[in-house]
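Hi,

Here is the structure I promised to pass on to you. Could you load it up before reading my notes below?

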Amino acid sequence: SDKSVIVSFGEMLIDFVPTVSGVSLAEAPGFLKAPGGAPANVAIAVSRLGGKASFVGKLGDDEFGRMLADILKQNGVSCDGILFDQGARTALAFVTLRADGEREFMFYRNPSADMLLKPEELNLDLIRSAKVFHYGSISLIVEPCRSAHLKAMEVAKESGALLSYDPNLRLPLWPSADEARKQILSIWDKADIVKVSDVELEFLTGSDKIDDESAMKLWRPNFTLLLVTLGDKGSRYYTKNFHGAVDAFHVNTVDTTGAGDSFVGALLCKIVNDPTIVENESKLREVLKFANACGAITTTKKGAIPALPTVADALALING
Ligand code: ADP
């Protein structure tokens, strides 16, 4: 039915990744274009797993914006919620691959089109059709997309959608760490499902411990599910009635970009069809095993979007 839709709201951009590691941007001999942006990755993850997904956001009316919309369409994601800004450019990120394997980002957001989405431009019919409404926090940083974000959340909630939040902390984009923490936590208690990484858990609680006690500090009464992703250590889950951990799969990891988005997409695909998963621990553990498999597969190829799995890929890892 129309209601089995996951609507993912926020940014979509292109990462320019140097063809070699360990050099500065100025020394890079060339770049590969890696399309991404967490909410867009989640929409494509859902679609590749056979779910019905829409992306809501703003792109520049330029070659990069058209390229990104084409990628969504080719992947079966509905683009009815996309707008093209006539003035601003599509967001871009230039990635430095440091010799130690870490990534540093330099963003073109001056402001970029994604930050200029206005509340009155939202496709409200589309948002009302959401069974799950998913969002990340980049759009909380500045106006007018901040107001658009808050309005979209409210409309989705009123229409009965489950709200799913992944803060996707990108600290360099915020004016300060305190502001980031304050803004992220300001919408914390509106969500039903929240997923944080271990790094975000530390950042938001201000503690360097990644344990149950620390995770519980982030729990809010209206949550149905809180997830903590731990890379090759798998994931932890917290519900009103039980909590636990599910181990990761052992894979040959080459690039972890998009693993968290793949995990979220897989989880949302399952929850959209059966929201009672969060009330049944053995069902939830099955779902998280599937989501961990999807995350693991995404680390075995370069880039996020090309590495997102199908159901067959996930089952092959689980049963193999
Ligand atoms: P995030 O992008 O939110 O930091 P993670 O990197 O923790 O997310 O990845 C999400 C999920 O993907 C993890 O919970 C885990 O199940 C799986 N995963 C991520 N990295 C690896 C890895 N190196 N090996 C196996 N599984 C992984």
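What follows is a short tour of the ligand shell, the core, a helix pair and a few loops.

Two housekeeping points before the tour. Residues are numbered from 1 along each chain as its sequence is written. Please keep in mind that this is a predicted model: local features need pLDDT of at least 70, side-chain atom pairs count only at pLDDT 80 or more, and totals for chains, interfaces and linings use all residues.

Let me start with the ligand. A shell of 19 residues surrounds it, and the closest are Ser 197, Thr 229, Gly 260, Asn 292 and Gly 295. A residue belongs to such a shell if its C-beta atom, placed from the backbone, lies within 6 Å of the molecule. By class, the shell has seven nonpolar, eleven polar and one charged residue. Here Ala, Val, Leu, Ile, Met, Phe, Trp, Tyr, Cys and Pro count as nonpolar, Asp, Glu, Lys and Arg as charged, and the others, Gly among them, as polar. Helices α8 (259–273) and α9 (281–298) each supply at least two residues of the shell. Helices (H or I, at least four residues) and strands (E, at least two) are DSSP runs, numbered from the N terminus.

Next, the core. The largest nonpolar core has 86 residues, and those with the most contacts inside it are Ala 43, Val 46, Val 132, Phe 133, Ala 266 and Leu 268. Such a core is a set of buried Ala, Val, Leu, Ile, Met, Phe, Trp, Tyr and Cys residues joined through C-beta atoms within 7 Å. A residue is buried if 20 or more other C-beta atoms lie within 10 Å of its own, exposed if 12 or fewer, and partly exposed in between, with C-beta atoms placed from the backbone.

What does Val 132 touch, not counting residues up to four places away in sequence? The list is Ile 6, Ala 161, Leu 162, Ser 164, Leu 268, Ile 271 and Val 272. Contact here is a matter of two C-beta atoms, placed from the backbone, lying within 7 Å.

Ala 266 sits in helix α8 and counts as buried because it has 31 C-beta neighbours inside 10 Å. Leaving aside neighbours within four places in sequence, Ala 266 is in contact with Ala 45, Leu 49, Phe 290, Ala 291 and Cys 294. Its C-alpha atom is 10.0 Å from that of Lys 289, 23 residues apart along the chain.

Phe 290, one of those partners, is found in helix α9. With 22 other C-beta atoms within 10 Å, Phe 290 is buried too. Phe 290 and Ala 266 are 24 residues apart in sequence and 7.1 Å apart in space, C-alpha to C-alpha. Beyond four places in sequence, Phe 290 is in contact with Ala 266, Lys 270, Ala 314 and Ile 318.

Now to the helix pair. The axes of α9 and helix α10 (residues 311–319) come within 9 Å and cross at roughly 105 degrees, where axes are lines fitted to C-alpha atoms, for helices over the stretch in contact, and angles run from 0 to 180 degrees between N-to-C directions. That makes α9 roughly perpendicular to α10; angles under 35 degrees count as roughly parallel, over 145 as roughly antiparallel, 65 to 115 as roughly perpendicular and the rest as oblique. On the α9 side the contact is made by Lys 289, Phe 290, Ala 293, Cys 294, Ala 296 and Ile 297, and on the α10 side by Asp 313, Ala 314, Leu 317 and Ile 318. Sorted by class, this contact has eight nonpolar, no polar and two charged residues.

Finally, some backbone details in the loops:

- Asn 110 and Pro 111 are joined by a cis peptide bond, with omega about -5 degrees. Pro 111 lies in the loop between β7 (103–108) and α3 (124–128).
- A cis peptide bond also joins Glu 143 and Pro 144, with omega about 0 degrees. Pro 144 is in the loop between β8 (132–135) and α4 (145–158).
- Asn 168 has phi near 45 degrees, a positive value in a residue other than glycine. Asn 168 is in the loop between β9 (162–165) and α5 (177–186), and is buried, with 25 other C-beta atoms within 10 Å.
- Leu 171 lies in the loop between β9 and α5, but is exposed, with 11 other C-beta atoms within 10 Å.

Best wishes
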